[in-house]
Amino acid sequence: MPITINKALRNRLERIYLFANTDYFVRYYGSKLGILWAFLNPFLQIVIYYFAFSYLIFKQRDTSFVLYLFTGIITWQFFAEASKSAITLFQRQRYILQNIDLPKIDFFWSLILSKFWGYFINFLIFLAFSLAFFHNSLSLTLLWIIPIWIGLAMFTIGVCFYLATLYIFLRDLDHLWSIVIMAGFWTVPIIWDYKIIFEGYEFMMYNPLTAFVVQVRQVTLQNQMPDLKYLSIALLISAFIAISGYFFMKYKSKKALEFL
Amino acid sequence: MSNDIAIKLENINKTYVIHDRGNTIRERFFSLFSGKGARKLKALQNVNLEIKKGEFFGIIGRNGSGKSTLVQIMNEAIPPDKGGKVTIDGKAMRLALGMGFNNELTARQNIMINSSVLGLSIKEIKSKMDEMIAFAELEEFADTPVKYYSSGMKSKLMFSIAVNAEADIFLMDEFFGGVGDQNFKKKADELFHNRFVKGKTIIHVSHQMDSIKKYCDRVMLLDKGKVVKIGTPDEVLAEY
């Protein structure tokens, strides 16, 4: 029976969804509370930050710092978790890759989708806290989050393409990347305020992750439009990383699969 | 390539570069500077072959003769050396019973994922789900994580999934080895030949000469990466 293009495309999208779904939910199988942990985790994270920053560390600090910190952390976590998972992606899927000629990019879509669901649930918890306890309000400005997320996803998938392919040749990469992630956490304004630190160091805004973290806060916490200049630059850099990463993965992984 | 050819291989060579490494930290450290440790292994040498559509083609040879490398090249999972050309008309898929299950998932969940990889839509998988579970004789354990399955149960489940795969060309690497008991083997054999094989091109790699003799239209004998003979099963087996 001939396989039509439409059916092939539909099957492909379904496969991406199934892989993402499994990747996301499998971590909760076997635990008593199951998927409830996906909501409990960020909820408890915010509660802990609230008590830590309200009573223990910075007694005088504005409690909205909790939301400032949380938006930075969840945005960073999306990138960190996806990139760490991408390193061994080809290794984990080697059976399928060696036997069935599927588009390799689909594994990356699934990975990003799976991590994005986690990020999205965290974001919903953040919004709920923001509205319920910090008296923030929703407005149409929040829609600017969409291009920011697209940019974040582009940048992340681009980095994932490079990491997954390089790991086949360079097995030290997972150890090295853990250090990069650790260092990266402190170079992106997650805990600290970029307005204070950045005098004379504006070039750091050209790190797309810095731009995305700052713009997410601007849209959600300050209810303001993103800085279009920085956002456009971040989007362009992210698109470049994504496209160049895709071609790098496409051309290098063919030969590289022998080494899996 | 003429219309009745499913796979055409021209001038296929495959050389692996093997990197030997020391076991101790000292050996590994010094191997970084010595330049030693890389050697070449010729897995295939000048293989030329045409397989017709609908043909049941067998590949035999001793361990290390290049059978699996050839199948991976036919499947375009790995490229041949420069100058070699692989032409495939149709969707090819390699099946082996050592396929990957996610041990945390149940039989139903693994059927969903694996069948999707093998080309079925979610709707088709749902409609065939009970049939696949019944065929694998796993009704009682359909919702049990496969980490609790024996290797026999896993093999039966994988066979049951694989025979529903959608492709024009199937590359089967020791696909029949050790699937279940005699009753299951008989049932699997019937399903495979009455439903699965019809109208498809099959490349069958096996050490089991009875299945090669019984099913193959033509057989190729490989030795140390070279084609020794291509012919009818009787002709080739006489030389093996």
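**Group meeting: the chain A and chain B interface**

Okay, let's start at the interface: between chain B and chain A there are four residue pairs in polar contact, both residues at pLDDT 80 or more. By polar contact I mean a pair of N or O atoms within 3.5 Å; within protein, one must be able to donate a hydrogen and the other to accept it, and residues adjacent in sequence count only if both atoms are side-chain atoms.

Some housekeeping. This is a predicted model, so local features need pLDDT of at least 70 and side-chain atom pairs pLDDT 80 or more, while totals for chains, interfaces and linings use all residues. Residues are numbered from 1 along each chain as its sequence is written, chains are lettered from A and ligands numbered from 1 in the order in which they are written, and side-chain values use heavy atoms, with hydrogens and water left out.

Back to the interface. There is one salt bridge between chain B and chain A, meaning a side-chain nitrogen of Lys or Arg within 4 Å of a carboxyl oxygen of Asp or Glu. A:Lys7 and B:Glu124 form a salt bridge through their side chains, 3.0 Å from N to O.

Which elements of chain B give two or more residues to the side that touches chain A? They are strand S1 (5-19), strand S5 (92-95), helix H3 (107-117) and helix H4 (122-135). Helices (H or I, at least four residues) and strands (E, at least two) are DSSP runs, numbered from the N terminus. H3(B) gives the largest share, five residues.

How much area do the two chains bury between them? About 2,500 Å², with 58% of it on carbon and sulfur atoms; that's the accessible area (1.4 Å probe) that two parts lose on being put together, summed over both. B:Ile113, B:Val117 and B:Ile122 supply 21% of what chain B buries against chain A, more than any other three residues.

Now the sheet in chain B. It's an open one of three strands, ordered S2-S1-S4, with antiparallel pairing; two strands pair if DSSP finds at least two bridges between them. At the edges sit S2 (38-52) and S4 (85-88), each pairing on one side only. S1(B) and S2(B) are joined over eleven bridges, and B:Tyr16 stands opposite B:Leu41 in S2(B).

Last stop, chain A: A:Ser244 is in helix H11 (residues 228-256). Its side chain makes a polar contact with the side chain of A:Tyr162, at 2.7 Å. A polar atom of the A:Ser244 side chain also lies 2.8 Å from the backbone oxygen of A:Phe240.
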